[in-house]
Structure formats: C-alpha cells, structure tokens
Amino acid sequence: MALKKCAVPFAGTAEQEQELKAVIAEHRDDPGALMPVLQKAQDIYGYLPIEVQEMISREMDVPMEKVYGVSTFYSQFSLNPKGKYRISVCLGTACYVKGSGEVYNKLQSILGVSGGDITSDGKFSLEDCRCIGACGLAPVMTINDDVYGKLTGDEKELRDILAKYDD
C-alpha cells in the first residue's frame, strides 16, 4: 500500500518506539485494542505517521488497511504533525458567509500547503474547523491560542499576522 508521506520527515525516537511497543504488548490479546493503541500512539508521537501505523500493523498482526482505515475515519486522529504554530481557520456558517473560505485559500497559497498539511520547515500547520464560538468576530482564525477576527482575506493582512510568528 503506497500512502502519501508527510513533507516533514518522521523523527521518532527509540524511546518513543519502546513506549509504543510496551503499550502494544499490554493490549496484544485484547479484542478491540486497536483504538486505545492508536490513541496512545498519538499521545506518544503527537500524530500517527505512516511509519507508526505500519509498526502497529506489524506488532499487532492487524492488516495495514484496518489500521489506516481507523486512523482516517476518526477525526481525533491526525496523520500529519502539527507545526510549531497551528493555524485554524473557522469555516462555520457565520465565518464562511463573511469570507473565511477566501482567508483559508489565501493562507494555503501564502504557506504553500494544502489544508491539513505542515510547511516543510515545520513552522506552520494549517487546518479548518467548524466553529470556535467567536461568530461576532467572523471571519476568524486562530494561531495556537491567539484569535484573529474580522479578517478581510487581504494578502498583506495575513502576511503581517504570520510575521508576528517569525522566530
């Protein structure tokens, strides 16, 4: 099965692998253990890269198709790492009718990534969400815990916001 690799190379450690293998050993004979193992794997690595899914498949003797199917079915799982700065653009109704779709598209262009991906330097990840409860500020995006509202989608506006996160 050929699956898309992430732009940022997988950088798991031996300690993380040992921790995951211990979790797998603990649950190996439990029917229905795939979900808790995947949850713990995401806790250990922060996401579920294909390399980790392959390890779970191999160690649990579960077909890769099943591991991947569960990993992609549930929204709690992420197949991509998150950037140092996690950008989330609200595409809920109030934000969308006020132009958040354009904000999202412009950010994809500026960052050179698709939604759900991470920049090659690992600095920014971009995703959409449905509502953050700030409808009065629509359209809204967050960068980590910072909220930006009443966005126009102007490229300069977005670049100025991103520049605040220039380390």
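Guide: Helix α6 passes helix α7 in a right-handed crossing. Right-handed means the near helix is turned clockwise from the far one by less than a right angle, and left-handed means anticlockwise. Helices (H or I, at least four residues) and strands (E, at least two) are DSSP runs, numbered from the N terminus.
Visitor: Which residues of α6 and α7 make the contact?
Guide: From α6, Val103, Lys106, Leu107, Ile110 and Leu111; from α7, Glu155, Leu158, Arg159 and Leu162. Contact means heavy atoms within 4.5 Å.
Visitor: At what angle do α6 and α7 pack?
Guide: About 60°, with their axes 10 Å apart. Axes are lines fitted to C-alpha atoms, for helices over the stretch in contact, and angles run from 0 to 180 degrees between N-to-C directions.
Visitor: Before we go on, where does the model come from?
Guide: This is a predicted model: local features need pLDDT of at least 70, side-chain atom pairs count only at pLDDT 80 or more, and totals for chains, interfaces and linings use all residues. Residues are numbered from 1 along each chain as its sequence is written, and side-chain values use heavy atoms, leaving out hydrogens and water.
Visitor: New topic: which way do strands β1 and β2 pair, parallel or antiparallel?
Guide: Parallel, over six bridges. Strands pair if DSSP finds at least two bridges between them. Cys90 has Cys129 in β2 as its bridge partner.
Visitor: And β1 with β3?
Guide: Antiparallel, over three bridges. Ile87 has Ile143 in β3 as its bridge partner.
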